[in-house]
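Dear colleague,

Please find below the structure that I am handing over to you. My findings follow it.

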Amino acid sequence: MKLSKKVWLIIGIAILAIVLAVLFSNYSGLAGERKQLENDLSDAQDLLPRLTVEKGDLKNQLAQAQSLLDSSRAKFPESVTSIEYGEDLFEIADDCTVEITRLTASMPTDKEAGGSTYSVSSFAVSVRGDVDDILDFVDALRAGVDFQLPWSAELTAVKINYAGEEDTAGTATINLDIYAYKGE
């Protein structure tokens, strides 16, 4: 069966119309997608300066938080050490049969001596007991033999109050600096 030229022309036009319809559909979809991408790019370009500023702010906040963390970490072990010094002081007082009535400590500071760094805490200790026991307590602090931790004490002031020979009970206020090796 032989097809006439008219039929071939109609088939050709139909195929051309289908191809053009498919191409137009693809072009329309791509044009819509391109428009969406241009909008997204425009939004991203508008958002970029604000995000850059926020990034800088967040970096500053991170640096501040890191600095605060570092300073807190530096203080924490010293605070724990001060508590441990207090435990030693109460144990020494118990061994000497005196009662600690007041204990205050300063914030530790660093002191360098002979190429080593030491943590120095100042303490004021008020005790009550027999004068002989108070003297034993002062001697134990000075000698440092009952210390549980590796530290040494330097007595800076000792003030003992008692009524007289008949009454051997008294009170004492002892100021001391405690040196601990930092090991840095």
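In this predicted model, strand E3 (residues 116-130) is largely enclosed by the rest of the structure, because 11 of its 15 residues are buried. Buried means under 20% relative accessible area, with a 1.4 Å probe and protein chains only. Helices (H or I, at least four residues) and strands (E, at least two) are DSSP runs, numbered from the N terminus.

Strand E3 runs antiparallel to strand E1 (residues 99-105), and 6 bridges join them; two strands pair if DSSP finds at least two bridges between them. Within E3, Val127 is the bridge partner of Ile100. Beyond its neighbours within four places in sequence, Val127 touches several residues, among them Ile100, Phe137 and Ile174, where contact means heavy atoms within 4.5 Å.

Val127 also belongs to the largest nonpolar core, which has 22 residues; Val125, Val127, Phe137 and Leu176 have the most contacts inside it. Such a core is a set of buried Ala, Val, Leu, Ile, Met, Phe, Trp, Tyr and Cys residues joined through side-chain atoms within 4.5 Å. At least two residues of this core come from each of helix H1 (5-95), E3, helix H2 (131-143), strand E4 (151-162) and strand E5 (169-181).

Overall, the chain has 2 helices and 5 strands, in the order α-β-β-β-α-β-β from the N terminus. Of its 184 residues, 23% are buried.

Residues are numbered from 1 along each chain as its sequence is written, and side-chain values use heavy atoms, leaving out hydrogens and water. Local features need pLDDT of at least 70, side-chain atom pairs count only at pLDDT 80 or more, and totals for chains, interfaces and linings use all residues.

Yours sincerely

Key. Buried < 20%, exposed > 50% of the residue type's maximum accessible area, 1.4 Å probe, protein only.
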